[in-house]
Each structure stands twice: as structure tokens, then as C-alpha cells.
Amino acid sequence: MNSQGAQLGSHPVLREAFTPKLISALREGYGLSRLRADALSGLTVAIVALPLSMAIAIASGATPAAGLFTAIVGGFLVSALSGSRHQIGGPAGAFIVLIAATIDQHGFDGLLLATMLAGAILIAVGLLRLGTYIKYIPHPVLVGFTTGIAIIIFASQIRDLFGLTLPGKEPAALIPKLQALTAALGTLNPAALGLSALTIATILGLRRWRPGWPGLLIAVALAAAATFLLHLPVETIGSRFGGIPRALPAPQLPAFSLDKLVAVLPAALSIAVLGGIESLLSAVVADGMSGRRHRSNMELVAQGVANIGSPLFGGICVTGTIARTATNIRAGGATPVAGMLHAAFVLLFMLVAAPLASHIPLAALAGVLAVVAWNMAEKAAFVAILRHSRADSLVLLATFLLVVFEDLMVGIGVGVVLGSLIFMHRMANIVTVEAGMDAALVDYDEAGEDEPQANGNGKRNGEAFHYRITGPLFFGASTHVATVLDRVGPFPERIVLDLSGVPFADSSAAVSLKTVIDKALHHGSAVEIRGAGRQVRAVLGHEGIDERFVTFRDTERRPSEGVVWG
């Protein structure tokens, strides 16, 4: 770790890559105008984050206070250390299913431990500069994942949307959950249904006619006022959780042991992967909206630190949130100070308005999450993929169905594997092998034969066969290429392999080529390789294809000149 730190300190490029955007912004100069813009933006984001943080925490099986602690501590740390100028961190809807499953299996202390372990993993991934590889997750996987999560979030809110009463614990799996909820329809609470409908209608109405107003907060406040003034018989934060605290708790390590650490490791890995994907996606969205460029590995380090800090104060998983980050940019946030102030404003709201929060009906928070789920579902992208590509549709549906009916990480894993296989198949299909006879080198006999004559060794005098390979020469295409080259029939005096159209090669392809070359050499044919780039030649040399056995030439003429291609 010390050597890694020394490298980061001594290398200017690495030092810049691991510099938080806060420091970069402060170096540019920070005046009153920027502070005013950041303060207004931070206040706007805090108004959005306040009800959302509580709603996500409740849906995850935690307390509303845990959601607020996450927004305060995790949100502050993300912005202070972020590799993105506009990133806003906090609890995210994508984690709801994962958090609920972890709490169900390992308890709340187990979730805290898994989150801290995930934070350490994210820091390690960032320091190892692996953040850039997360962007290679196929688009259909991301669409299937987010749409599946949206379905699960909505299903998790049906009970509170309708005010249903279940005889036992609500099942976690989707089909048993829907069966239990359907069986409980007789317990529907009209007041709860009315409040959730009022909340959704208010959010959507304000979004259309007054988009600049804080729709989420207004909708929740209206529902809370109606509940208090009309004495509606619905569950509230106070009746289910006893309200929320008026101060941050003292930091405290969760109880842990080696056995517990091993037990929560799979959950920690899932949290780390999901947190890394979600935060970098949010940073990419922020780049597109602001014209800035984030530092992906510094962003992962920041998320790691935040996921260690948040559980110390009783908070849950933290990640970059697209909706709140976009709100920050639209509200005029100029630097990461806006995100830090957003956390401070949430803390202020908690200190001042904790008694009022007790009156918030759970039906209203369920309405908020129903709107979030609708916005999360990438409906247009989902339909577009189904219409335009069968292969991508397979990846999309596999990811979507596994996320909904099996497990988040299984869905992502299978989707990535399927996407990779399809990509390799497509890459292999673009590799072409053209065979031709070099007319300029054919030694026709005096009798005017159409074919060169064989000499005493069975070789045809002066004949050279060209093989022009075009495309990436990797393991997926190596069998096809070797099969074509192996069809040479009677071996000519010389075989020319034109690799000028090969951008890269791997060891599997080089081994296949070596098999063909060895066979040609065994039959007495000379082998010449033309136009091989530096990387291709290095890979070939590593597998023993070098000047001892073949002749290497740079491409001195156009590959097709003088060659009659078959």
C-alpha cells in the first residue's frame, strides 16, 4: 500500500486522477457568487432528498432515520471526495432489494458490516484503477437491470399504497408477494389509497405545470397535513417507527467476528458492484449534462469512504444518485460544495422538523417510490432493444427476468456473460480470410500451360499463395481462420500471410497460426508474413513465430496488387 501511495504522489497523471474534484474546484477560486449558487442548489437537492431518503430506507426494511443518516454522512463524504463535480450521494432505489435481503438474512448489524466491507472493496478497486472497466457492461444489461429493479420497487410498495394488512411477514420473492397481497385485498384501507393517489397526482401535476417547485416535498407535506387534520386511520412514521431522532448518533462499529465477516462477504461484493455501477452511471450522466469529465477511480474511492462512514452512524448503503445529481446540475450547483451543503441542509431539517415527520403517512412515501419506480423503468429503451436486435433482446430479457424472479447479481452476471458471448460471436464474424494466387510470381512453362508445372519435389515452380486476413485475430475467430488456411491442398513453394488488416491478435490465434505454419514448413513451403503490426508481431513471437521460421516484411505495396483473389 505504501508503494502504491508513493506512486500516486510522484506521478503527475496519477496524482491528478486521484485528486477530488473539490480540490480542483477550489484551486480555480471560490467566491461569493459560487457559494450562493451552491447554497441554492444544495437546498433544492435537500428538499428532494428528505422524503426520498426516508422512503427508500423504509422500503429497504430499515428505519427512516437510517435513510436520513445515509444522506447526511454518506452524502457529505461523497461530495467532499468525489471524482465528479456534481455527484450527489445517498440511499438509492436500486439497493432496496439487496438491502432488504441482507437485513433478512444477516440482521441490521450484518448490513452495516457488509456495507463497510463493500466500502473497503470499492476503495481497493479505485486504487487499482479498475473503475474504467465498469463502463464495459453492455447497454441491454443496464436497461434490463434498472427496469427489473423498478418492477421490484413498485411491488414492494403495494402494501402501503393500498394500506393492506397481512397476517404474517410479507414474502420477499415477487410471485409469493403478489399472491399474499392479492389475498389481502379485502383489508384495503380507502384512506391510505386516497393519500397515495393524492401524493402521486400532486407530484405529476406539479412536474407538468410547476416543474420548478419541489413536488416531492409538497406532496408529502399535503398528505401529512391531511392525515393530521382529518385524523385519518393510516399508518405513519410515528405509529410504525416512533418518529425520527433529532440528532446524529455517535459513531459506533457494528458487532463483527471472522465468521460474520465471511458470511456477509457475498452481500458486500454485491453492494460494491452495484454501488460502483450506479455511481459511475450517475457520473456519466452528470458529464453529459454539464460538459465536465469525471475521474472514475477517484469516484470509486469516494464511494468506498462514504460506505465506510455511513454505517458508523447507522446509515445504509451509499451511491451516486442520478435523480438528485441531475437536480443539482439543473439548480445551478457549481462545485462539490453544493453536495456538501445538501447534506448539511438535510441535517438541519432533521434537527428542526423531526416532530413533524412523525405525521407523514407511509402511503405518501409509497406514492413517492411508485413515481420513482415509474421513472426508473427505461420503457423506451426496453421496447427499442426488443424491436431492433434479437441478440440484444436475449441479453435484455435474461437480465430482466433473472433480476425480477431470481437475484440482482445473478441477473447482472448472466447478462454480462451473454453480452460478452454475443460480442465475441459478432467480432468473429467480421474476421475474413481471402485466398489468392500471386500472378506476378507464377512461372508459366513454355508450352503455355494455364497452371505452373510441378518441379521434382512436387512443388509448383515459383507459385505463391496469398492469404489476406482482415479483422481482430482472437480466440473466437482462431478456429475459423485456421480451418480456411488448412485448406491449402498441395502446398505451394511459398505461402504469404498478409496481416496488415489485423489490428490485434491474442495467443489463441497465434497458436492456431503456428499450427498451420508448422504444417507448411513440414511440407517444404516457405512462409512469409507481411504487414504485421507491433502488437501482432509481439504476440506471434511469444508463441515461437519468429525469423527462425518465417520471413517478416512490412507491406511495401497494396495487398491486392498483383494478386488474383479466390
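## Strands, helices and cores in a predicted model

Strand β6, helix α22 (residues 534–542) and strand β7 together form a β-α-β unit that is right-handed.

**Strands around β6**

- Strand β6 spans residues 526–530 and is mostly covered, since four of its five residues are buried.
- On one pairing, β6 runs parallel to strand β5 (residues 494–501), and five bridges join the two strands; within this pairing, V496 has E528 of β6 as its bridge partner.
- Between β5 and β6 the chain passes through helix α21 (residues 507–522), and this β-α-β crossover is right-handed.
- Strand β7 (residues 551–553) is also parallel to β6, to which it is joined by three bridges, and here E528 has T551 of β7 as its bridge partner.

**Nonpolar cores**

- The largest nonpolar core holds 76 residues, of which L365 and L369 touch the most other members, while helix α4 (residues 32–59) gives the most to this core, contributing eleven residues.
- When residues up to four places away in sequence are not counted, L365 touches P51, M54, A55, I58, V220, I237 and I360.
- There is also a second, separate core of 35 residues, and A428, V433, Y467 and V536 are among its members.
- In soluble globular proteins, nonpolar side chains tend to be buried together.

**One side of helix α20**

- In helix α20, which covers residues 475–485, the buried residues are A477, S478, V481, A482, V484 and L485.
- These residues lie on the same side of α20 because they cover an arc of only 155 degrees around the axis.
- An α-helix has 3.6 residues a turn, so residues three or four places apart point the same way.

- H106 belongs to helix α6 (residues 96–127), and because its relative accessible area is 15%, under the 20% cut-off, H106 counts as buried.
- Leaving aside neighbours within four places in sequence, the residues in contact with H106 are K260, A263 and V264.
- A201 lies in helix α9 (residues 190–209), and with a relative accessible area of 48% A201 is partly exposed.
- A201 and R426 are 225 residues apart along the chain, and their C-alpha atoms are separated by 47 Å.

Technical notes: Residues numbered from 1 in each chain as written. Predicted model: local features only at pLDDT ≥ 70, side-chain atom pairs only at ≥ 80, totals over all residues. Heavy atoms only, no water. Buried < 20%, exposed > 50% of the residue type's maximum accessible area, 1.4 Å probe, protein only. Pairing = 2+ DSSP bridges. Right-handed = clockwise from strand over helix to strand, strands pointing away. Contact = heavy atoms within 4.5 Å. Arc of directions from axis to C-beta. Core = buried A, V, L, I, M, F, W, Y, C linked by side-chain atoms within 4.5 Å.
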